[in-house]
Amino acid sequence: MKAIFPCSYYLPETAASLYITDNIVHACAENGVEVDLYTPTPTRSVPAGSQWEREEHWENGKLRVHRFHLYGEGKNPLLRAMRYFLGEFALLHFCLWKDYDVAFIDSTPPIQGLKMPLIKWFKRKPTVYNAQDIFPDSLVGTGLTRKGSLIWKMGRIVEKITYKYADKIIVISEDFRKNLLAKGVPANKIVVVYNWVDQNVVVDISREKNKLFDSYGLDRSKFYVTYNGNIGLTQNMDMLLSVAGDFQEEYEDISFVLVGNGAYLDEVKRIVAERKLNNVYLLPFQPYSDISHVFSLGDASLVISKPGVGSNSVPSKTWSIMSASRPVLANFDPNELKQIIEEYKCGIFTKAGDKEAFKESILKLYNDRELCKEYGRNGRQFVMDNLTREVGTAKYVEAIKSVIKR
């Protein structure tokens with residue numbers, strides 16, 4: 001059995017859920033499915049000192065990473081768009097000319113799904129689609145377009161083609177599954193696999209041993225609320241900074257640490273400087289090797305978005321927060337995330353955009369450190385029981401093998 005993975009991004013690049021792809025390809029190679037992964041040379045947020053080869057062989061040669069040259073991903077939108085399409089054409093070339101038994105297609109970028117009818121027509125091979133996002137619904141949620149617009153209509157066409165030609169569609173939540181069922185996707189095509197966390201990699205690092213405190217001059221005696229990930233247009237940074245401003249005078253030992261980058265980072269920097277928010281610290285993305293230090297940095301960690309953005313998603317950072325034994329402070333649209341947090345008592349959920357309730361949730365953990373630790377322990381136990389790397393990757397391998405056998 002042999003699978004092809006056309007990937008627009010891959011390690012050592014820094015992008016959402018890349019660890020998922022990496023875990024899947026290693027699990028396939030370990031369980032009888034050879035993998036050829038094709039990807040451009042790394043350019044997106046590559047950590048300093050990272051090393052890679054144009055051709056890499058892992059798992060006794062059963063996992064082969066092939067990198068092709070493509071110019072760097074800069075900030076010029078025209079050049080970025082051109083790189084985007086050049087990369088897709090190159091990946092399509094490999095899908096049409098290489099030998100394999102199944103194609104594994106990711107949802108980033110969303111036009112990846114358009115490869116599937118061509119793979120069906122010309123290669124007559126099955127496909128597995130990994131729906132980490134629901135497109136174009138996500139564009140509407142982020143405010144980048146509106147329902148009924150030309151972009152939305154084009155997105156719906158791409159979506160219909162994708163779901164029609166996929167033999168299996170892996171979704172990351174029950175809410176995603178309901179979304180696809182409502183659009184007429186057959187139930188037997190859909191497999192729910194929550195994004196997992198490598199429980200052996202993301203662990204609790206005590207504050208005394210956490211090197212980030214020394215690296216960035218953070219006072220170990222303070223109470224820290226951390227945000228890790230994309231600092232974009234949908235994460236409601238305006239409300240978060242407003243809360244930080246409210247706390248600055250009255251609660252001098254509460255601070256906020258934002259780790260990451262994104263389209264809204266420059267505006268966040270401007271607001272922090274303009275309002276003189278000395279209780280807000282901005283840290284760059286850290287290497288994956290330091291992920292435990294990142295998620296152990298705070299006393300509690302945030303999952304936050306603007307209203308109407310997160311109704312169909314459970315951000316995978318949630319599991320990393322739990323794996324590091326930290327309570328989840330969620331200000332999010334009510335969905336499965338709310339159910340998990342409240343049922344398993346691993347944090348506090350407040351409705352997206354409710355600033356006062358959000359402030360109260362922070363103060364509740366600030367004033368009850370034992371409850372804070374208890375929520376953290378409960379979260380870790382939930383991960384160990386439900387969301388380990390072994391459980392998640394096994395489901396992916398099973399889905400891939402099932403379409404090959406069929």
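Figure 1. Two strands are said to pair if DSSP finds at least two bridges between them, and strands themselves are DSSP runs of E with at least two residues, just as helices are runs of H or I with at least four residues, both numbered from the N terminus. The structure shown is a predicted model, in which local features need pLDDT of at least 70 and side-chain atom pairs count only at pLDDT 80 or more, while totals for chains, interfaces and linings use all residues. Residues are numbered from 1 along each chain as its sequence is written, and side-chain values use heavy atoms, with hydrogens and water left out. Strand β1 (residues 2-6) pairs with β2 in the parallel sense over five bridges, and within this pairing F5 has L37 of β2 as its bridge partner. Strand β4 (residues 63-68) also pairs with β2 in the parallel sense, here over six bridges, and R64 in β4 stands opposite D36.

**Figure 2. The covering of strand β2.** Strand β2 spans residues 34-40 and is mostly covered, since six of its seven residues are buried; buried means under 20% relative accessible area, exposed means over 50%, and partly exposed lies in between, as computed with a 1.4 Å probe on protein chains only.

Figure 3. In helix α6 (residues 174-182), E174 and R177 are separated by about one helical turn because they are three residues apart, and the closest N and O atoms of their salt bridge are 2.9 Å apart. E174 is partly exposed at 29% relative accessible area, and R177 is partly exposed at 26%. In helix α9 (residues 265-275), E267 and R270 are likewise three residues apart, about one turn of the helix, and they form a salt bridge with closest N and O atoms 2.6 Å apart. Here E267 is partly exposed at 26% relative accessibility, and R270 is partly exposed at 39%.

**Figure 4. A network of charged residues.** Salt bridges link D246, K355, E356 and K359 in a network.

Methods: A salt bridge is a side-chain nitrogen of Lys or Arg within 4 Å of a carboxyl oxygen of Asp or Glu.
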